[in-house]
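Have a look at the structure first, then work through the notes below.

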Amino acid sequence: MIGIYSLYADVLDYPTPAVFSQLRELSRRTAANHSEAAPPIQRFEEALSCMTLAQLQEIYTSSFDLHPDCTPNLGCHLFGEDVRRNIFMARLKERMDRAQVPTGAELPDHLSLVLRLLDSLRDEDETQALVEDCLVPGVTRILSALQQMTGACPYVPAFQSLLAKLKNAATAASVGADLGPTPREPR
């Protein structure tokens, strides 16, 4: 079964013919968990229900490709065009290669690739660092930029959903860290 963050990656990447079925699956899975992420993704699904693929592709391009402040490249939001972005991308690329996350033509700091990397991680510390230090601040900045666009961008609830999911994951990881390791059962 595909991971929840990979479903977000599919839904938030450039739309393909599969996007509508991927969105239905994401909506079903967030609702099944009674997650705070469910209502906004359902609003996104409802907004897209009367759109064609071509319309959605046009909205995606005008929202993310023609507005640099909304770029899905997280390094731009975290570091600007500073040299630290290059170091960040190099480290992401190493981790993606190790995790066998195909990068295709995108830069390694593209939101969809980072979400796929997140689904592949097994180390809790690495997962927590990726969520708290990279994804939450980056997605927060993209969401803020989308909300400031002229006219309502239908992608806003999708980013609200993702941010709720990420913050919930960060909180759960912090609580787990506060509790310390699970004690061993006596033999």
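Let's begin with a pair of helices: the axes of α2 (residues 19-32) and α3 (residues 38-48) come within 9 Å and cross at roughly 155°. Keep in mind that this is a predicted model.

**α2 against α3**

- With a crossing angle of roughly 155°, and with anything over 145 counting as roughly antiparallel, α2 and α3 are therefore roughly antiparallel to each other.
- The crossing of α2 past α3 is left-handed.
- On the α2 side, the contact uses F20, L23, R24, L26, S27, T30 and A31.
- Facing them from α3 are A38, I41, Q42, F44, E45 and L48.
- Sorted by class, the residues of this α2–α3 contact are eight nonpolar, three polar and two charged.

**α6 against α7**

- Helix α6 (residues 83-99) packs on helix α7 (residues 111-120) at about 50°, and their axes are 10 Å apart.
- That angle makes α6 and α7 oblique to each other.
- From α6, the contact takes in L92, R95, M96 and A99, while α7 brings L113, V114, L117 and S120.
- The class breakdown for α6 with α7 is six nonpolar, one polar and one charged.

- Helix α1 is mostly covered, with nine of its nine residues buried.
- The buried set in α1 is I4, Y5, S6, L7, Y8, A9, D10, V11 and L12.
- R29 has a relative accessibility of 12%, and the cut-off for buried is under 20%, so R29 counts as buried.
- Setting aside neighbours within four places in sequence, R29 touches M1, I2, G3, I4 and L7.

**Aromatic rings**

- How many aromatic pairs does the count come to? The answer is seven.
- Y14 and Y60 make an edge-to-face pair, 5.6 Å from centre to centre and with 90° between the planes.
- Y14 is in the loop between α1 (4-12) and α2, whereas Y60 belongs to helix α4 (residues 53-65), so this pair ties together parts 46 residues apart in sequence.
- Y14 is partly exposed, at 39% relative accessible area, while Y60 is buried, at 3%.
- The rings of F44 and Y155 have centres 5.2 Å apart and planes at 45°, so that pair is tilted.
- F44 is in helix α3 and Y155 in the loop between α8 (124-147) and α9 (156-179); the pair links distant parts of the chain, 111 residues apart.
- Both F44 and Y155 are buried.
- Y14, Y60, F44 and Y155 belong to one aromatic cluster, which also includes F64 and F159.
- F44 turns up in two of these topics: F44 is among the α3 residues that meet α2, and F44 is also part of the aromatic cluster.

Key
Residues numbered from 1 in each chain as written. Predicted model: local features only at pLDDT ≥ 70, side-chain atom pairs only at ≥ 80, totals over all residues. Heavy atoms only, no water. Axes fitted to C-alpha atoms, helices over the stretch in contact; angles between N-to-C directions. Helix = DSSP H or I, 4+ residues; strand = E, 2+ residues; numbered from the N terminus. Parallel < 35°, antiparallel > 145°, perpendicular 65-115°, else oblique. Left-handed = near helix turned anticlockwise from the far one by under 90°. Contact = heavy atoms within 4.5 Å. Nonpolar A, V, L, I, M, F, W, Y, C, P; charged D, E, K, R; others polar. Buried < 20%, exposed > 50% of the residue type's maximum accessible area, 1.4 Å probe, protein only. Phe/Tyr/Trp six-rings, centres within 6.5 Å; stacked < 30°, edge-to-face > 60°.
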